[in-house]
Each structure stands twice: as structure tokens, then as C-alpha cells.
Amino acid sequence: MASLALPSFPLDNRRVVGILFLAPALIYILLLVGFPFLLAIAFGFSDVTVGNTDLSFVGLRNFEAVWENDIFRQVFATTIRFTLISQVFILLFANILAIIFTQEFTGKWFARFIFILPWATPVSLAMIGWLWMLDTKYSPIDYLLLQTGFLGPGGHLSNDRNLFWLASPDLAQISVIFVQVWRMTPLATVILMAGLSSIPTDILDQAEVDGSRFMRTLLMIKLPLILPIMVIALLFSMITMFGDMTVVYVLTRGGPVDYTRVLGLYSFQVGIEGGNLAQGAAISLFAFPLLLAMAIFMLRAASRAEVR
Amino acid sequence: MAALTWILSNFWALLVIALVLLVGLRIAWRIHKYGATRAEFSHILRRSPFYIVVLVFCFFAVSPFLIMFLHTFKTDGDLYRRPQPFIFRQEPTIEHLDALFNNTAYLDFIRNSIVVGVAVVIITLVLSLPAAYALARLTGRWGERAGILMFLVYLLPPTLLFIPMFRIVVLLGLKDSPLALIVVYPTFTVPFSMWLLQGFFKAVPPELEEAALVDGYNRVEAFLRVVLPLSLPGIISTVVFTFTLTLHEFIYGLVFIADTRQRTLSVGVPTELILGDVYFWQPLLAAALIIAIPVGLAYNLFLDSLVQGFTMGAVKG
């Protein structure tokens, strides 16, 4: 009991230890997130570029310029559209998969490994696979469609031998949304699995005793109970997707023309590639109020939906 | 090599045979166990749509990875001669794997990713272990608020912060150095792992710590000697997921580091293995697959633990 000899009194105090334990992490985060965040706002109100580093105040000029820019408006609308459309499919598939993977079945371990791969693979690397799958000339999907008579002379979809997935405006947008659903469904599924496995077993046992069948238990008991978790899953995947630029960076670079350009990519292209840090910062700042509103609204909804 | 050639040449046939064999064996085993009764057959029939749904989802998830695998071994002639992406017309080759490891910076990317990942994991643990414990046990109301703040910070996407971060990195003289990533990555790994760890710490029965306190340990000792050893499985899974978060990160890596040899995997592979309009497809696809498989296995191995931590953190948060 060497420690008794030490002035151990402060270390016995919950409060003191709590502050001591929490402080380093809080300070690190506040310094390295808070400061850049304030800097982003300062950049937004300045005329900083890569070449000109002094921050002179220009008021709302950047924001006005960005807001009146037609490309920005289109980019903003595209980002919102992609995010909303993909969420519908993500939630649908994630619910089905979460129900599947909270049951026992043969080959579950291997099936789970396969279904988790899209999420486990670093996004930019997974996108290389899709870049090939959707290639203009060599797409394996096109090959299958060609063999089944959907493509090629007299084909149902097109007389061409290829669909040009990433080169035609509509298909490029569909491709990006599909790939986003493909890679983000596992994350939502895992969150929903956490919800499903936290349902107290006595509730389910009681339902079984009362003669409730699978679908009835699912619709009347399980889904309402995991509603708050579903909102959290939605929040996670919406915010991840809203801030993502990796998928479009690798797949399309925003093309064809501007059809798949999203906010993050646009801010990167203007701020870093174009060297206009101030406008780049202003562009990404437009995302902030929306993200904050989304987070607050969803967290509120989640805590209100809590059954307890 | 001969075995590889044989497997690759008969890939689809082997896949189908393996699947049929597995299903057959499983059914045979059930019939052996429960007898060839009418009830048993109707059970198998009722169950089969479930497995078909699983198979369909699996097929969607895995298709690009199957293509990656097959194309890794294709010769240029075989790859670019339309139209035949699924079977080998020419003898499979490993020359592209050879090229990937010997003629590109792939090994540098792997090394950089490991250095960054390990350093970030260490920083993250040092900061988040005590902080998560404080949130789980020590602080009351204000700790809860700090926790929600952390959660909100985690939700700030890198696309919002990379421009000012870039300026700070340049000012600190860290541009083009993996050190920049080591300093910046904890901004999202710390909130993430705090949230997860908090869940694991809450799962430790408080009575054990109280017993330790009665035995003369102070709070810090109780944390180090009782809570930490008991939460080891949770801590290990936090380490795994923190490491893979750093492996996934793309935007900071792309913006902070322009020097090829200093880049990490997620940025290096898609930017450096493509020269202008020339895509080195086989090495590219191989490079992606080689990383995907071990990370996928790690995720699967630690998934239950992640789900548990998430449940405790979120549901009882």
C-alpha cells in the first residue's frame, strides 16, 4: 500500500479526477477542431489565396459571390439530392440486412464478411473497383448486358455496345448514388444491429408466449423499439454522405460537366486546386448550418422517440 | 503457380461447385440429424427464400471484389481484348503483382499508412482512455454535455475543415510529412473512440471499482488496475477500428501531402498508379483488393464487439 503514503486525497475526489481525465482530450479537440473552424469562418470573410496569405476583411463578399454562382447552386442541389435519394435505399436495405444478421443461420460468418467488405475497404480503393466496373469500354456490367441482348445492335437498352455509365449525365448520377448505397448500407446495418440486439429479450419472449408471429413481432415490437437507433443511423449516413467527396473524386471528378459535382469536391476544386482558399472555405461553410440543423433535429427526434 | 492457374481458369465452375456442395452437405446433415420427414423438407423449403435473399445481397456486395481478384492475374492482351471480362483466354500471370510491389511506391504507401495508423492509435488511446472513463463514471451533467459536444465534433466532416487545416499544416512546416496526418487524425479518432470506450467502461460493474477503492486504491489506480484490464477486449476492438479509420481517410491525406513517397494507401493508390490518362488496371485492382481483404476480416472479427460498445454508448448514453 505504497500509495497511502502519497498525498492521495485529490486522486480520490471524483470531480478532480474527472476533470484531470477529461481535460487533455477536450483541449486537443478544441484546439485542433475549434481553431480551424474559427479560421474557416475568418477565411470565409477574407480574400486569402494560396499566394496572398494576409487576411483582409472583405465582409460577406465571398458568400455573396458563392451564392450567386450558378455552379454552386447546382452543386448544392446535387449534394442534397444525392444524400436524400441514397438514404431511402440505405435505410431499406439496412433494415432487411440487420434483421438477417441478428438471426442465426448457416454460413453467417462468411456472409457477414462479404457484406461488410464494401464498408471495410477504404473508400478510395473500393472506388477503383467501381471505376473498372463502370468503365466506358470494358465495363463487365456492359458485357453481361451485351450477352443477354440488352445492349448491342437491336438491344433493348441501346444499340451501342456500351452504356457509358460515367459519361452520360443520368447514368453517372445513378451510378454515384448506387455506389454510395453500396458502401454505406453496412454502416447503417451495424448501427441497426446494435439497436435490435439491445431489445430486452423478455419483451420478445413475452411476444412469443402471446403467439405473435415473425412479421407481427417485427412490425409491432422490433421496428418501433429501434426507431431512435434508426434515426441515429440515418444521421450518421446522411452526414457522412453530405460531407463526402472521395467517391466522386475517384469516379467522375464531378463530371460529366457538373452533373455529379458535390459540395466537398467543389470546395476542394476551388480552394485547393484553384488556390482560392477564401472562396473554398466559404463554399464548405454553407454546409455547416445544414449539418448542424440536421444533427440537432435528429438527436431531438431520437430522444423524443425513446420509449422509456 | 500451376495450382493458381488451374483455380483461376476454372474459377466460376469451382465457385458454383463449392456453393452446391455446401448447400448439399448442409441439407444432408440436417436430414441425417432430423430424419427425412415431411416436416424436415418443408422446413428446408420455408428456409430457402431467406438464403436466396442473403445470396443476392452477398453477390451485390462482392461483385467488384471478384472482378478485382480475377483481373489481378490477367495479361494486358486478355484484359483489353473485348469482350471477355470473366474468363481467362490467356494464361494467368502474376507479373502485375510483381510490378505493383517492385516498380511502384505501393510498399511506401503501406509503410506510411502503418506509421501514421500506429502513431494515431497511440495518441488516441492516451487521450481517450481516461476521457472516456471520466464520461462513463466520474462526471455528471457537465460531462454528459461534453460528451454530446464530442459527438457533434465527430459529425463535422473533413470537407468542412480541410482548408484551414491545410493552412495550419503549412504554417507548422508539416506539409508533405506524415507527421501532419498524425497530428490531425486524432481530431476524428478521439471522439470516435471516446464514444466506443465509454460504452465498454459502462459495462464494467461499478461494484468492482468500489471494492478496489475500499481496498485502499485511489480512483486512478482503480481505473488502471481494475477497469482497464476488464475492458481489454473492448479496447482492442477500439484500436482496430481507430486504425482502420486512419486507413480510410482520404481528404486530409490528399490535401496535406503532395510528395508521392510520403503518401498513404488511400491517397497514393488512386492518384499515383494512374498516370494522366493511363490506368495500370491490374496493379490498381490488386492494390485495392490486397488492402480490402485483411481489413474486412478484422471488421468481421471485431464486429460483435463494436455492436456491443455502440449499444452501451448510445442506448445508455
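Reader: Into which domains is chain B divided?

Author: Chain B is divided into domain 1 (2–93) and domain 2 (105–315), with bounds that come from an automatic or database domain assignment. The model is predicted, so local features need pLDDT of at least 70 and side-chain atom pairs count only at pLDDT 80 or more, while totals for chains, interfaces and linings use all residues. Residues are numbered from 1 along each chain as its sequence is written, and chains are lettered from A and ligands numbered from 1 in the order in which they are written.

The C-alpha centres of the two domains of chain B lie 35 Å apart. Their contact takes seven residues from domain 1 and seven residues from domain 2; two residues are in contact if their C-beta atoms, placed from the backbone, lie within 7 Å. On the domain 1 side, helix α3 (residues 38–72) of chain B gives the most, with five residues. Helices (H or I, at least four residues) and strands (E, at least two) are DSSP runs, numbered from the N terminus. That side of domain 1 divides into four nonpolar, two polar and one charged. Here Ala, Val, Leu, Ile, Met, Phe, Trp, Tyr, Cys and Pro count as nonpolar, Asp, Glu, Lys and Arg as charged, and the others, Gly among them, as polar.

Now the whole chain. Chain B has 16 helices and two strands. Its radius of gyration is 25 Å, well over the 20 Å that the globule rule gives for 317 residues, so chain B is more spread out than a compact globule. The radius is taken over C-alpha atoms, and the rule is 2.2 Å times the number of residues to the power 0.38. The C-alpha trace of chain B spans about 70 × 65 × 30 Å along its principal axes.

Last comes the core. A nonpolar core is a set of buried Ala, Val, Leu, Ile, Met, Phe, Trp, Tyr and Cys residues joined through C-beta atoms within 7 Å. The largest one has 176 residues, and B:Tyr133 and B:Ala288 are among those that touch the most other members. Helix α16 (residues 281–315) of chain B gives the most to this core, with 17 residues. The core also draws at least three residues from each of domain 1 and domain 2 of chain B.

How values were computed. A residue is buried if 20 or more other C-beta atoms lie within 10 Å of its own, exposed if 12 or fewer, and partly exposed in between; C-beta atoms are placed from the backbone.
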